[in-house]
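Have the sequence and the model open while reading.

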Amino acid sequence: MKASFDAIVIGAGQAGPPLAGRLTAAGMKVALVERKLFGGTCVNTGCIPTKALVASAYAAHLARRAADYGVVLAGPPGIDMPAVKARKDRISGVSREGVESWLRNMAGCTVFQGQARFVSATELAVGDDLLAAPRIFVNVGGRAVVPPLPGIDGVATLTNTTMLQLDRVPRHLAVIGGSYIGLEFAQMYRRFGAEVTIVEKGPRLIAREDPDVSDAIRGILEAEGIAVRLDAECIRFRPHGESGDVVVGVDCRAGAPEVVASDVLLAVGRRPNTDDLGLEAAGVEVDAHGYIVVDDELRTRTPGIWALGDCNGRGAFTHTAYNDFEIVAANLLDGEHRRVGDRIPCYALYIDPPLGRVGLTEAQARAAGKSVRVGQRPMTRVGRAVEKGETAGFMKLVVEAGSDAILGAAILGVGGDEAVHGVLDTMSAGGSADTLRRTMHIHPTVSELIPTVLGELKP
Ligand SMILES: Cc1cc2nc3c(=O)[nH]c(=O)nc-3n(C[C@H](O)[C@H](O)[C@H](O)COP(=O)(O)OP(=O)(O)OC[C@H]3O[C@@H](n4cnc5c(N)ncnc54)[C@H](O)[C@@H]3O)c2cc1C
């Protein structure tokens, strides 16, 4: 069947569905194509299921610490992994079904299920259907990288997608990759009772962060009994006899050269789903890593085609994908000129305690040649953290000397993912550090110490 539309959206992830909503509300006839699960990565194999598991892991952790709070349990807590998984699946499922029913009941939107492939700059093949439109929005997301490491084809490995299907606790989980996704899985499975080893080829965890943040995170994980193996060179795999276990060669500068794991999770990065889209038929340019090249308003080099979300390489988060939708919709439908370059970088790492991050790190600010003043405070000196009995981590604010502009913040500590928004919103509103210094905050909160830290800046 050949059908014509005003717009086609490829992918029901984080940008596609709300964009279909705005386009149809503006009177356009829209086709939305999804090849797999409605809601995409975040809803099915990313943020939502992992944060549901993080919550179960936190409950287990707190139960083990019950005596610290004067709470007496009959015995040590157990983990019912099928029940943990069922809870996670329920939460994820409600979200997925919500997206699907929203799209299927959206007036003016026709949902196609299947793999979309460009036939030309204005046409897509989806199974036996040929869809045409003058505007096409690509929101195809990404998937886990499976690196060509020696021996990888001879052993069983997991990615975020398959890991989330487990309803058992691995005996010994080796997590390859010490960055955001790997660290979240490492801590949650340790709390579920697995022995966990993180294998990272770099000299420290989450290398994008300042070294003091990396070190503190390493300390938090090691305090829970997670083995952290850094400087791992030539990571390689082989089966451990007939046991089903995997020998992971790590060759770190210190410690044993091999680790025997029952399960191996690959968390070494993501790649965009652009290799099977037929982009060449539309003349859409991709970079060396397969990301679709876009301008600051998310237009590709082919007129009438936009790319949003993880596939454009301009962000790797649900909030960046959603913000992409807001930018495209505002510019197309509201006559605005919103740009990706205007947004302030922000994200969180959901280990416990979480890391909330906005703007520049101290290292980035110094590398940019800025004259920097830094304020720091350990969470042991934050009343709210002490009262909660969760004093790991610290907060750090980076300010430009002279202008007093807030350049960035890292809050690694209880409630850090929420508290950092006070800094983000102040930056977004153009406020200076003094705006926050003069703002009365609620007691007792983690946020109430932010003005204090800003009053104690050092070069
Ligand atoms: C384990 C994990 C945890 C994460 N945790 C967080 C977090 O806590 N916070 C956060 O902000 N981000 C997190 N992320 C990242 C977040 O999930 C992604 O940034 C976000 O989902 C990207 O949204 P998107 O719309 O670009 O793509 P996606 O959500 O991946 O959606 C793309 C959709 O396009 C479909 N598709 C692809 N190709 C085609 C095709 N050719 N035809 C038809 N359909 C197609 C796919 O099936 C998919 O449904 C996490 C990711 C992972 C893997």
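Domain bounds here come from an automatic or database domain assignment. On that basis, the chain of this predicted model is divided into three parts: domain 1 (2-143 + 271-342), domain 2 (152-268) and domain 3 (346-454).

**Domain 1 and domain 2**
- The centres of domain 1 and domain 2, taken over C-alpha atoms, are 28 Å apart.
- Contacts link 13 residues of domain 1 with 12 residues of domain 2.
- On the side of domain 1 that touches domain 2, α3 (47-64) and α4 (81-104) each provide at least two residues.
- Helix α3 gives the largest share of that side, with seven residues.
- By class, that side of domain 1 holds eight nonpolar residues, four polar residues and one charged residue.

**Nonpolar cores**
- In soluble globular proteins, nonpolar side chains tend to be buried together.
- The largest nonpolar core in this model counts 82 residues.
- Val175, Ile176, Val248, Val264, Leu265 and Leu397 have the most contacts inside that core.
- Helix α6 (residues 180-192) supplies the largest share of this core, eight residues.
- A second, separate core has 50 residues, including Ala7, Ala12, Cys109 and Cys311.

**Around Val264**
- Which residues does Val264 touch, leaving aside those up to four places away in sequence?
- Val264 touches Val155, Thr157, Leu158, Ala174, Ile176, Phe237, Val246 and Val248.
- Among these partners, Ile176 and Val248 are also listed with Val264 as residues with the most contacts inside the largest core.

Terms used
Residues are numbered from 1 along each chain as its sequence is written. This is a predicted model: local features need pLDDT of at least 70, side-chain atom pairs count only at pLDDT 80 or more; totals for chains, interfaces and linings use all residues. Two residues are in contact if their C-beta atoms, placed from the backbone, lie within 7 Å. Helices (H or I, at least four residues) and strands (E, at least two) are DSSP runs, numbered from the N terminus. Ala, Val, Leu, Ile, Met, Phe, Trp, Tyr, Cys and Pro count as nonpolar, Asp, Glu, Lys and Arg as charged, and the others, Gly among them, as polar. A nonpolar core is a set of buried Ala, Val, Leu, Ile, Met, Phe, Trp, Tyr and Cys residues joined through C-beta atoms within 7 Å. A residue is buried if 20 or more other C-beta atoms lie within 10 Å of its own, exposed if 12 or fewer, and partly exposed in between; C-beta atoms are placed from the backbone.
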